[in-house]
Structure formats: structure tokens, C-alpha cells
Amino acid sequence: MRSQELQQVSDVVPSSSSSWGEGSNRIAALNLEGTPPPNITDSPDHKQFDHHDEDSKKPGWRKFLSFVGPGFLVSLAYLDPGNLETDLQAGANHRFELLWVILIGLIFALIIQSLAANLGVSTGKHLSELCKAEYPKFVKYCLWLLAEAAVIAADIPEVIGTAFALNILFHIPIWTGVLITGLSTLLLLGLQRYGVRKLELLITILVFVMAACFFAEMGYVKPPAGAVLKGMFIPKLSGQGATGDAIALLGALVMPHNLFLHSALVLSRKIPNSVHGINDACRYFLIESGFALFVAFLINVAIISVSGTVCSANNISNEIANQCSDLNLHSASFLLKSVLGRSSSTIYAIALLASGQSSTITGTYAGQFIMQGFLDLKMKKWARNLMTRCIAIAPSLIVAIIGGSNGSARLIIIASMILSFELPFALIPLLKFSSSATKMGPHKNSIYVIVISWILGIGIIGINIYYLSTGFVDWLIHNNLPKVANVFVGLLVFPLMLVYILAIIYLTFRKDTIVTFVEPVRHDHLVAQNSMEHGHSCEVGELDHIPYKEDLVDIPLPE
């Protein structure tokens, strides 16, 4: 059986050492189109790979800086308007009691996101491309549709949050703000024609603008440091709805489209195809993601601290207490304005604008890679951006026109439930592929990482299924529909829930059948082998590199 699998690989992967190189036990990603990857000597940047003596002399911090960027784009999933609203409600309802949930959730997120980055670095392909290679056609198209739905669901809070911010700052209608959000996102994505690093720089600036705004709000309210630290490190669930709010906080942290995005963004860096080069890249991406998520953690703590301090004050009026009991992104600005003054409301709106606009950029980016990976569409890159953007803003625009700010706020809750529903269909393939020798070869997860990641994954999926099922049953019991209608809804939904659970079981226990790596022939000369493994110079023809994605670096706009 093993020989048959290797024979399948040899049918589509060039065996010539000039294509893949020699001298490393580093696996090479399968080229699904059957054409050899570009030789380094064909690239104008081949000198970058030809001078590893110079690279090895670079200080560690200079090497690290070349990997900074993807983590900040990914961290925005933990700072999008949907998460901001969940944070505001958690602080208003439970003060600082649920801060420990944010801490644990972001530690979970760092582990999961590092698996996505390692998958891209080690295989040379991102998650959607590997799903396309592995699963049957019907399953592949189902996963694609679910991933696209996740992008749209994630984009709804981002678009609506930006529209709320524009309404607070400039008093324009919500639906007009939705249209402006779509256009401004496309303009900002035009920075890609100058390189992905420029876009990453913009996103990083917006993250720190958010941080500055919410830290300024903390300066206004001055939350008690002792209570904040106690809530951060002492787990506690007391009070009505604390368990439900903790589940909502955890469920909102890991976004399905973010896993596709992170595995693709790491391919915008040129990484030597050697064990040493791969390990260095994985380590640098882990450090960079850890720093970006730490900044995201501090911002989440600031949001919960502000709403918790304002809503738990002793001298608040009945009007403010009513606002705190039903707090959302839009009403939060009026709460801050009435308690802390107009400038506080303006600072909040600027932070919300930065959150929504930057998150919509990454959402469009993720949709682009999902469509490209699953379908391999050969369409103009700017047209793909435009189509993804139009699909994403359509639901937000319709609801904003019909329901206004109240309808838009309810739509954010629905979008978060859809994301909870979608998560297993991105997380399970990631856990399977990153632990599989057929995908990662010698770079697959260790047994300890496999156990920890699967425990975290099953825990997150279980929390989301519990959140969805209990929410539906609660709605079924307390709605005002006739009994006949409730019975009909139950007969329709419960079989779908059974199909949903069976689909999760299928993805979990299905054995990988497609081998997507090739182990190159090692150098006969031990010195040459050691030179390759430690990143030192050798002949260009003998040097492998990760398949470099030009489309991740430059996406030109129409002329």
C-alpha cells in the first residue's frame, strides 16, 4: 500500500533534482497542477537564496522582522466588532469576572493559529488548497460553500460596526455607512499592488490605533487594578447568565475563515526549503503571532474593564442602568457620552472604525484565498476582490435598510451563531492535516501537540454545539409561534442537526488518502548535507524553497 501511494506521487511530482533540489529531509509540497514549481534561478530574487552565508550572519531580530505582519492581520479576528460587542456585554453584566475566559481563549487561539501557520510553511500550500486535494468533489464543494458562508457571516459585524462608527462620528444613515465601508475596503486593498507588507503595515497601525483609543478610555474610567487582576487569574462563574456569556466569549474567539487566512499569509515570505529554514520560520511566526495576540488580549481587557467600571458604578441613573442591561455597539457610544462626556464617545467611535475597517480588509482577503484554493478560479484578482466584497456586504445592506440600527444589532448576534456553526468544518481539517504524515511528513505535530490540539479543538467545538443547541431549544420553548409551527420547525431542524453531527464525525474519522509530500534524495556527501540543513550556501540548483505565492504579494487594480 505504501509503495502504491508513493507511486501516485511520483506520477505527478517531477523526480528531477533540478526541480525540487536535494540534500534535505524537508518535505516538498505536491504540485497539484502537475507542473514543476519555478526554479529559483528563474526568479529575479534568486540571489536571496544564493547567499545564505550573508543571511546566517544577520542578527536574530532582523530575521524576525521579515516575518512580522501575518500575525497582526490574523489578530483582527479577535478585535472585530462582533468581539467588541461580546466584550461590552460581558463587562456590563459581570464586571471583571470573565476576564480569565479571554486569557484562556487567546492562549487556545495562539495554539490553533500556530498550527495553521505551520501547515502553510511546512507544506507550501494553504488550508483550502489541501482540502481541495484531499476530499471528494461533493465534500470539497460543501466545505467551500461553508467557508464562503463563514466569510460572509464574519463580515456582517465588521461592516455594521464600521457603519455604526460612521453614524456616531458623522451622523450618516447606517445603510449609507455600509456602502461607504465596501468602497473604502476596496480602495485600501489597492495597497496590495505595492506589496503585501504595505497592507500589513496599515493593519498594524490600525491595531495600535484601537489600543490607544481603548487605553485612553481606561484612563477616563480608571478601573480598580486589583479587581481586574483578580478577574484575569481567578476563574469564577457567578450571577445570572455567566456561563452563557463565558461560552459566547469563547465561541467568538476562534474564527473559521482565520484558519484559512493564516495558512495562506505565511506563504508571502520566501523560506529556504531546509529543516533549519522551516524550523526558523515556524518559530518566528509563533513569536510574531504571540505578540500580536497579546496586544489583542490587552485591548479586550480594556474594553471589558471600561464597560464593567461604567455599569457597576454606585451612582448610575436608571437610564444608564437600562442601557447597560442591553448594551450593543451602537448604544455603547451614548452610554460613554452620558457618563464620560462627548470626547469619550468620539474616541470609542474611532476605535470602532479602525476595528471594522481593518477586519473587513482581512475578511475580503480570506474570501479571496478560499475561492482561489477550493475552485482555482482563473479570474482577475481585482475582480475576485470586488465579487467577494459585494457578496459580503449584501446581507448587511439589506438589513440596514429594512431594520436600521436595531435590526443590524440583531444581525450581529445571528452572524456569531453562524460562525459557531461553521467552525468545525475549518478546524477539523486543520487538526487532521497538521497531524498527518501524508501532509506534513517529518514536520507533523508531535504526540503532545496532537493530544493538546485535539483536546482544545474538541472542547471549542463542543462549546459551540452546546451554545447552538441550547439557544435553539430555548427559542423553541419561549417563542410566540403556534404549537403546530413549533412542531414543524422542530421536525425540520433536528434532522439537520443530526446531519451536522454526522458530518463532523465523518471529517474527524475519515482517513487521509492523498499523499502531498515528496522526500527528496539526500546528498551523498555529508558536508553538503549539513551545509543545506543549517542554511549555508550551496549551488543554486541544489537548493529547495517553499513554493512562493506571487499572488499574495501583488494584486493589481484595473487600469
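Author: The cover over the buried residues of H9 includes helix H8 (99–123), helix H10 (137–170), helix H15 (256–265), H19, helix H21 (424–434) and helix H22 (437–440). The model is a predicted one, in which local features need pLDDT of at least 70 and side-chain atom pairs count only at pLDDT 80 or more, while totals for chains, interfaces and linings use all residues. Residues are numbered from 1 along each chain as its sequence is written, and side-chain values use heavy atoms, with hydrogens and water left out.

Reader: What makes a stretch of the chain a helix or a strand here?

Author: Both are DSSP runs numbered from the N terminus: helices are H or I with at least four residues, and strands are E with at least two. On that basis the protein chain has 25 helices and two strands.

Reader: Why is H9 called mostly covered?

Author: A residue is buried under 20% relative accessible area, exposed over 50% and partly exposed in between, with a 1.4 Å probe and protein chains only. Seven of the eight residues of H9 are buried, namely Leu127, Ser128, Glu129, Leu130, Cys131, Ala133 and Glu134. Across the protein chain, buried residues make up 54% of the 559 residues.

Reader: Why are H9 and H19 called roughly parallel?

Author: Axes are lines fitted to C-alpha atoms, for helices over the stretch in contact, and angles run from 0 to 180 degrees between N-to-C directions. Roughly parallel means under 35 degrees, roughly antiparallel over 145, roughly perpendicular 65 to 115, and oblique the rest. The axes of H9 (residues 127–134) and H19 (residues 342–375) cross at roughly 25° and come within 7 Å; H9 and H19 are therefore roughly parallel to each other.

Reader: Which residues of H9 and H19 meet?

Author: Ser128, Glu129, Cys131 and Lys132 in H9 meet Phe369, Ile370, Gly373 and Phe374 in H19, where contact means heavy atoms within 4.5 Å. By class, this contact has four nonpolar, two polar and two charged residues. Nonpolar covers Ala, Val, Leu, Ile, Met, Phe, Trp, Tyr, Cys and Pro; charged covers Asp, Glu, Lys and Arg; the others, Gly among them, are polar.

Reader: What angle is found between H23 and H24?

Author: Helix H23 (residues 447–478) and helix H24 (residues 483–509) pack at an angle of about 175°, with their axes 11 Å apart. That angle makes H23 roughly antiparallel to H24. Among the residues in contact are Trp454, Ile461 and Trp475 of H23 and Val489, Met497 and Tyr500 of H24. The contact of H23 with H24 divides into 13 nonpolar, three polar and no charged residues.
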